[in-house]
Amino acid sequence: MRLILLGPPGSGKGTQAQRLVHKHGIVQLSTGEMLRAAAAAGTPVGLQAKEIMANGGLVPDEVVVGIIADRIEEPDAKKGFILDGFPRTVPQAEALDELLRKRHLKLDAVVELRVNESALLARVEKRAEETRARGEEVRLDDTPEVLTKRLAQYRSMTEPLIHYYSERRKLLTVDGMMTIEHVTRDINRILAAIGALESKADEPAKKPAKSASKATKTAKKTTKMPAKKAAKPARKAATGASKAVAKAKGTNKGAKKAAKKPAKKGAKQASRAANARKGAKAVKKAAKKLTKKRAKR
């Protein structure tokens, strides 16, 4: 299962990503964390990103895509992943599509958490007030002023992704203003509906596919066989068949002859028996006549 979570700052992407991670055993890939990890690991792409970040520059898309390419090859990402913080722009989305295509992977879904921006601002203001009331210092990036700037940036740079993924029939929208439990339930329901959680059901189809491919290969080999080679077995089969037919004919003739002989013998014996019976009758008649003549005397 490979997912992207879309939504403005404060929409709850991080919370929902962690719930999906724990439930389905996939990994959350945060761009910022991946950049820092790659830089710490000293990979070629990581060192390049480290130098750019040290100079206060923005890491180019190709560097970020390179880090993602390395990360999804690690064993823990084999079952799937959730991209958090990437892509942020349409060009990044296009680069990600190209990466997945080269790796023969597909994106299962892009889940958009749709929220009310005014409600987000009210939420942040309330959280800041509660933090001050506890005597704690409010985080610099957790104020209405900072959130307003981040929302404007999201609208200009990231919101076009909604249209981009909608055109590709990957976008699924969830009401992010519901409770955390309701949002989680809705995300799992729509993922199950598109089959992202039931990819194992496709596995039995692989074996017939292999058998079909073997049959195709065999057919190709037979087609490629030279005509002479292919003709030899055919001629042998034809010769064998003709011999068998001739043999069968000979056997039939012998059987007919064998059948006729006993029939002739039987006929002769029958005629002899009939003649014997006739002779016996004649003898009886002659004996009767002789007896009658003697009786008259």
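**Close-up 1. The side chain of T131 meets the backbone of R127.** In this predicted model, a polar atom of the T131 side chain sits 2.8 Å from the backbone oxygen of R127. T131 is part of helix α6, residues 117-133 (helices are DSSP runs of H or I with at least four residues, strands are E runs of at least two, both numbered from the N terminus). T131 is buried, with a relative accessible area of 10% (buried means under 20%, with a 1.4 Å probe and protein chains only). Leaving aside residues up to four places away in sequence, T131 touches E136, E137 and V138, where contact means heavy atoms within 4.5 Å.

**Close-up 2. Strand β4 and its partners.** Here we look at β4, residues 109-114, in which 5 of 6 residues are buried. β4 pairs in the parallel sense with β1 (residues 2-6) over 4 bridges, and L5 has V111 as its bridge partner in β4. β4 also pairs with β5 (residues 171-175), again parallel, over 5 bridges; R114 stands opposite D175 there. Strands pair if DSSP finds at least two bridges between them.

**A note on reading these views.** Residues are numbered from 1 along each chain as its sequence is written. As the model is predicted, local features need pLDDT of at least 70 and side-chain atom pairs count only at pLDDT 80 or more, while totals for chains, interfaces and linings use all residues; side-chain values use heavy atoms, with hydrogens and water left out.

Methods
Buried means under 20% relative accessible area, exposed over 50%, partly exposed in between (1.4 Å probe, protein chains only). A polar contact is a pair of N or O atoms within 3.5 Å; within protein, one must be able to donate a hydrogen and the other to accept it, and residues adjacent in sequence count only if both atoms are side-chain atoms.
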